[in-house]
Structure formats: structure tokens, C-alpha cells
Amino acid sequence: MDDFMSEDKVGCSVETVIGENSYKHGRVNQWTTSVVEQCLIQLSKLDKPFKFIVNCIIMQKNGAGLQTASTCFWDNNTDGSCTVRWENDTMYVIISVFGLAI
Amino acid sequence: VSFKTILQGNFNTDETSILVKECIEGVIGGTDYNHNKVNQWTANIVEHSLTHLVKQGRPFKYIVNCTIMQKSGAGLHTANSCYWDTTTDGSCTVRWENRTIYCVVSVFAVAM
């Protein structure tokens, strides 16, 4: 799973969808949906025998604390995950990708 | 009746929701947001949830994700998308809050 998992691919999707935009409550829904869709499209194009789960969190920067954790029950030899943290002036974005071998 | 049919289970969203809510209550019910403890809380919530799910003995791989945020007026949005077998796999998201904390837990179950 790790040989093709690239943080760049995920980072690219976020740049394309959000870029330099400021946090806007009315658009955040659209952004999270687009980011996960873009990532999933890129991953499915790789044509590997995996099931994928893509999770995206967008938080406005205003001093609040945020903590996320994940735990997985899978096959350590074949399955894996990758988390990308991205930010601009007004928001934090955290994307997690989980790949499970079929 | 084939052996595979007996083992194959469909993911039960309601049962999982209840299980997860209990795990959350057990770890942070009645507490206020505490920066020093948050790390411990998220880890405990995901571990307890996973342990209970695995105990059910169903033929699934699981991913449990927990996000805890301090209530301070900031906006938070989460989304997820899955590329899997829609007849056998499933997910469930539980949102919980108290006076000072928002907690969102997602469980993904992928059939083996």
C-alpha cells in the first residue's frame, strides 16, 4: 500500500479545491465533498486491488483546540493509511486515506 | 446453505451507534475540554470502540476515527467518501457534545 500512496497526490487535491480561499461557512460543505471526491478519483485511477476510505476535516482557525485519532483492525501486511495536514491563513485541513486490500 | 452465507454479516449501523455512544460517555461524559487530556481521550475512545466491535466476532476489518474539538465558536466540517462494496461494507458516524466539547466518531466496516 505504501509504495503508491503519495502525500503529494492528496496535497494536490486540496490545493486545487481550496487554494488561497478564506474559510467561508457557506462553502465548506462543498469543499469537503470536493476534496474527498478528488482524492478518491485519483486513488481509483491507480487500479489497484484495494478498497479506499477518505476522510476530510476542515476547521476554521480561531484558537480552538482540535485532536483526532484513528485506530484500525486490519491486515498489517497489506493494509495501510496516510494522513495529510494542510493549512492556509484561515483554516486547517486534515485528510486521512485508508486502503484495505481486497 | 453455504458456509460463506452463514459468516457474512451486514454492518449494523444502529447497534454500532449505541456501542460508540457508550464508549464516548464512558471516556468524556461529564468532563470539560482539557488540552492536556485530549490526546488520552481520543486514544481511549477509539480503542474501546474497536475492542467492542472486534468482540462481536463478525468478518469485518474496522477503522475507527475520533475527532474532539473545543467549543469556541470555530466552524468544523468533516466529510468522508468510500470506494468499496456497497452490499457488504458500511459506516456510521456519531456526533456527541457537552458544554465544552464536540466529539465526532466514525466507524468504517469493510467485509473480509
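Tutor: We will take the terms in turn. This is a predicted model, in which local features need pLDDT of at least 70, side-chain atom pairs count only at pLDDT 80 or more, and totals for chains, interfaces and linings use all residues. Residues are numbered from 1 along each chain as its sequence is written, chains are lettered from A and ligands numbered from 1 in the order in which they are written, and side-chain values use heavy atoms, with hydrogens and water left out.

Student: What area do chain A and chain B bury between them?

Tutor: About 3,100 Å², with 59% of it on carbon and sulfur atoms. Buried area is the accessible area (1.4 Å probe) that two parts lose on being put together, summed over both. A:Lys51, A:Gln67 and A:Phe73 supply 23% of what chain A buries against chain B, more than any other three residues.

Student: Why is the meeting of A:Lys51 and B:Asp89 called a salt bridge?

Tutor: The rule asks for a side-chain nitrogen of Lys or Arg within 4 Å of a carboxyl oxygen of Asp or Glu. Here the N to O distance is 2.9 Å, so the pair qualifies.

Student: What makes β2(A) and β1(B) a pair?

Tutor: Strands (E, at least two residues) are DSSP runs, numbered from the N terminus. Two of them pair if DSSP finds at least two bridges between them. β2(A) and β1(B) have 8 bridges, so they pair, and they run antiparallel. In β1(B), B:Met69 is the bridge partner of A:Leu66.

Note on methods
Helices (H or I, at least four residues) and strands (E, at least two) are DSSP runs, numbered from the N terminus.
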